[in-house]
Amino acid sequence: MVLAEEQLGIAERLLSNDKTAQIQAQKHVDKAVSLVNRATNIADVVKEFETNDFGHEDIVLWYQSQLSKVAKPLNLDLPLHKPNKHVVNSITNSISDNLAQLTDSKASNKQLSDELANTQQKLHLALQQQKSAFEAKIANLEGTSEEKRRKLEFVQKLFEEKEARVYLQLEDVIIRAQGFNFAPGQSEIDSSNFALLQKIAKAIDEYPGSTVMVVGHTDSTGHDKVNLQLSKERAFKVAKFLREFGGISPDRIKSDGFGEQQPVASNTNKEGRAENRRVEVIIKTNI
């Protein structure tokens, strides 16, 4: 859009200096119109964000960098610390002022005057489309973040500290359950753990479009191959309970085990080994 203004400025100066230079001026007007047509495709960029793996911060930073590029030739210091509407309005006002100066000049050619007015309208429309599209996108992201925070807080409050810890890892919700009372070397679920399993099922219900991975872990006591198999069996039993009694669709849930390979605490003391003997439920969310 800045390049379009430059082309119009050249045409304006050509006609101001030589009213017979209409052919040369028209070439610059045609170039300006071509640049404006490119600007109308800006709205399509929003659709690309919806199909690409862009994080929330990536989208906002990209957007602000584009605005900064537009503002630089105008010598405009963007107020990026203010709400988005102030940033966009500052650019709109600056462009409008520059266009107003151009359109205030007398044009001896009526066709050129029409092109100038049409170019101004297209520039304004393109910027308004970009503004509306990104404001809608940002508003949606803000709403999504609030929903994720609400869900996470709800799930965290489901569990007592001795039962499980819940945290967010990128887009996944991790339930690190160290409260299972498996008998040594066994994988059968004790009836005392039914309440914990029901809480896990309730947590999964908060994310109806999610998929779930149940992963078993052990401490380093015993043979590593035995521990690996035991961790897989325990994860399988938990997943089976969630399918059969928690109402989780079988195609949404899988299980695996890593034995003693991924400790979260030291295996040299009782407390650390207790933390390492755990089942992690990974909820892969889609919100």
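1. Start with D219. This residue is buried, with a relative accessible area of 6%. That value falls under the 20% cut-off, so D219 counts as buried. The model is predicted.

2. Where does D219 sit? Its place is in the loop between β3 and α8. Which residues does D219 touch, once its neighbours within four places in sequence are left aside? The contacts are N227, E260, N267, R273, N276 and R277.

3. The side chain of D219 has polar partners. One is the side chain of R277, with a polar contact at 2.7 Å.

4. Now step back to the whole chain. The protein chain holds nine helices and five strands. Along the sequence, the pattern reads α-α-α-α-α-α-β-β-α-β-α-β-α-β. Trace this pattern on the model before going on to the sheet.

5. How many residues does the protein chain have, and what share of them is buried? The chain has 287 residues, and 40% of them count as buried. Look also at contacts with a separation of 6 or more: residues 24 or more positions apart account for 67% of these in the protein chain.

6. The five strands form an open sheet. Their order is β1-β2-β5-β3-β4, and the pairing is mixed. Which strands are at the edges? They are β1 (164–169) and β4 (253–257), and each pairs on one side only. From one strand to the next, the twist averages 20°.

7. Strands β1 and β2 deserve a separate look. Strand β2 covers residues 172–177. It runs antiparallel to β1, and six bridges join the two. Q169 stands opposite D172 in β2. Likewise, R165 stands opposite R176 in β2. The hairpin of β1 and β2 has two residues between the strands. There, L170 takes a positive phi near 55°.

8. Next, the aromatic rings. The count comes to three aromatic pairs. One of them joins F180 and F182. Their rings are 5.6 Å apart, centre to centre, with 25° between the planes. The pair is called stacked because its angle is under the 30 degrees cut-off. Are F180 and F182 buried or exposed? Both are buried.

9. Ring pairs also link F194, F241 and F245 into a cluster. A charge and a ring meet elsewhere: which ring lies under the charged end of K151? It is the ring of Y207, and the charged end of K151 sits over it, 5.4 Å from its centre.

Notes. Residues numbered from 1 in each chain as written. Predicted model: local features only at pLDDT ≥ 70, side-chain atom pairs only at ≥ 80, totals over all residues. Heavy atoms only, no water. Pairing = 2+ DSSP bridges. Helix = DSSP H or I, 4+ residues; strand = E, 2+ residues; numbered from the N terminus. Axes fitted to C-alpha atoms, helices over the stretch in contact; angles between N-to-C directions. Buried < 20%, exposed > 50% of the residue type's maximum accessible area, 1.4 Å probe, protein only. Polar contact = N/O pair within 3.5 Å; in protein donor to acceptor, adjacent residues only side chain to side chain. Contact = heavy atoms within 4.5 Å. Phe/Tyr/Trp six-rings, centres within 6.5 Å; stacked < 30°, edge-to-face > 60°. Lys NZ or Arg CZ within 6 Å of the ring centre and 35° of its normal.
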